[in-house]
Amino acid sequence: MAASSTIVCFGEMLIDFVPDVAGVSLAESQGFLKAPGGAPANVACSIAKLGGSAAFIGKVGKDEFGFMLADIIKKNGVNADGVLFDEHARTALAFVTLKKDGEREFMFYRNPSADMLLKESELKMDIIKQAKIFHYGSISLITEPCRSAHMAAMKAAKQAGVLLSYDPNVRLPLWPSAEAARQGIKSIWNEADFIKVSDDEVEFLTQKKSNDEEAVKSLWHDGLKLMVVTDGEKGCRYYTKSFKGKVPGYSVKTVDTTGAGDSFVGSLLVSMAKDTSIFTDEAKLKQALAFSNACGAICTTKKGAIPALPSVSDAQSLMSASK
């Protein structure tokens, strides 16, 4: 019997290769640092680092990089019982350059990578059904058999009364086209109880400006308990059935935005798992979001995602310093 974890994250875990010098293109870079990555795995580590209980479900290659990743999430306190190793495919790689402004450019090696080959029959369903929250992105929807495994996992979670959390995490180079990405991401939109989407993703999905309230409203569906739009250092906007508003961000010296959104989401999921009344109590929600904003901000002050994830005391000290 697999040990139960409160929050289960599903999807890809991969290695990011980041140039060791900031502000250069991939072609210009002389050397690369390898950093563990993959949004769902980052979220799981963020949760564990904040004292929450997290499991990760996904597939890596039966190779040095796959073993390294499984090891890193375990060292970060994440339950890795749902991690599978594929003998025939490699662990996915992404080469990521940080442009001068700290924003990212991606080049992926996955043709196909192990994460894409996860089959429904390989899922450890008991881990999913015992969770309070099941969290996933959209990259696992791009190809079969992983897409069917993703759908089956969502269905099992929903039937077991588990809260569904969705962060689409748009990565256009991985989809056949922008339209395919829009359709694929929207195909599971109405299943989610909670959705986190960035301002850029609002623009991509609605093809309107992210500060256009009508555009944001068009992403709402009646099954949602909460939708949050993150606005980078400006903070975030929140929408529920009965109220909406904004929570300001924290200004920090940004080095690398990788993992900031994952840190934000992980933190919010920890708050949700502790107390679901944040969906109906606006003061509690604002408090949780301020804490998440602090986590996201701290994550941008260091390179890489997992090494930069904050602890509770890191976030609290940023919050009290900014008062």
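**Local geometry and helix packing in the predicted model**

Ser 113 is buried, its relative accessible area being 2% (buried denotes under 20% relative accessible area, exposed over 50% and partly exposed the range in between, with a 1.4 Å probe and protein chains only). Residues are numbered from 1 along each chain as its sequence is written, and side-chain values use heavy atoms, with hydrogens and water left out.

Ser 113 occupies the loop between strand 7 (104-109) and helix 3 (125-129); helices (H or I, at least four residues) and strands (E, at least two) are DSSP runs numbered from the N terminus. The side chains of Ser 113 and Asp 115 are joined by a polar contact of 2.5 Å. Such a contact is a pair of N or O atoms within 3.5 Å; within protein, one atom must be able to donate a hydrogen and the other to accept it, and residues adjacent in sequence count only if both atoms are side-chain atoms. When residues up to four places away in sequence are not counted, Ser 113 touches Ala 89, Arg 90, Thr 91 and Ala 92 (contact means heavy atoms within 4.5 Å). The loop between strand 7 and helix 3 also holds Pro 112, and the peptide bond from Asn 111 to Pro 112 is cis, with omega near -20 degrees.

A cis peptide bond also leads from Glu 144 to Pro 145, with omega near 0 degrees. Pro 145 is placed in the loop between strand 8 and helix 4 (146-159). Most residues other than glycine have a negative phi, and most peptide bonds are trans. Asn 169, a residue other than glycine, has a positive phi near 50 degrees. Asn 169 belongs to the loop between strand 9 (163-166) and helix 5 (178-186) and is buried, at a relative accessible area of 10%. Gln 207, likewise not a glycine, shows a positive phi of about 55 degrees. This glutamine is located in the loop between helix 6 (199-206) and helix 7 (213-217), and Gln 207 counts as exposed at 56% relative accessibility.

Helix 1 is largely enclosed by the rest of the structure, because 10 of its 11 residues are buried. The buried residues of helix 1 are Ala 39, Pro 40, Ala 41, Asn 42, Val 43, Ala 44, Cys 45, Ser 46, Ile 47 and Ala 48. Their packing partners are strand 1 (7-10), strand 3 (32-37), strand 4 (54-61), helix 2 (64-75), strand 8 (133-136) and helix 8. Just after helix 1, Gly 51 adopts a positive phi of about 90 degrees.

The axes of helix 1 (residues 39-49) and helix 8 (residues 260-274) come within 8 Å and cross at roughly 50 degrees. Helix 1 is therefore oblique to helix 8. Axes are lines fitted to C-alpha atoms, for helices over the stretch in contact, and angles run from 0 to 180 degrees between N-to-C directions; those under 35 degrees count as roughly parallel, over 145 as roughly antiparallel, 65 to 115 as roughly perpendicular and the rest as oblique. The crossing of helix 1 and helix 8 is right-handed (the near helix is turned clockwise from the far one by less than a right angle, whereas anticlockwise is left-handed). In this pairing, Ala 39, Asn 42, Val 43, Ser 46 and Ile 47 of helix 1 meet residues of helix 8 including Asp 262, Ser 263, Val 265 and Leu 269. By class, the contact of helix 1 with helix 8 comprises 6 nonpolar, 5 polar and 1 charged residues; Ala, Val, Leu, Ile, Met, Phe, Trp, Tyr, Cys and Pro count as nonpolar, Asp, Glu, Lys and Arg as charged, and the others, Gly among them, as polar.

The axes of helix 8 and helix 9 (residues 282-299) come within 7 Å and cross at roughly 150 degrees. Helix 8 and helix 9 are therefore roughly antiparallel to each other, and their crossing is right-handed. The contact involves Ala 260, Ser 263, Phe 264, Ser 267, Leu 268 and Ser 271 of helix 8, with residues of helix 9 including Leu 289, Phe 291, Cys 295 and Cys 299. By class, the contact of helix 8 with helix 9 has 8 nonpolar, 6 polar and no charged residues.

Ser 320 lies in helix 10 (residues 312-321) and counts as partly exposed at 45% relative accessibility. A polar atom of the Ser 320 side chain lies 3.3 Å from the backbone oxygen of Ser 317.

Definitions and conventions
This is a predicted model: local features need pLDDT of at least 70, side-chain atom pairs count only at pLDDT 80 or more; totals for chains, interfaces and linings use all residues.
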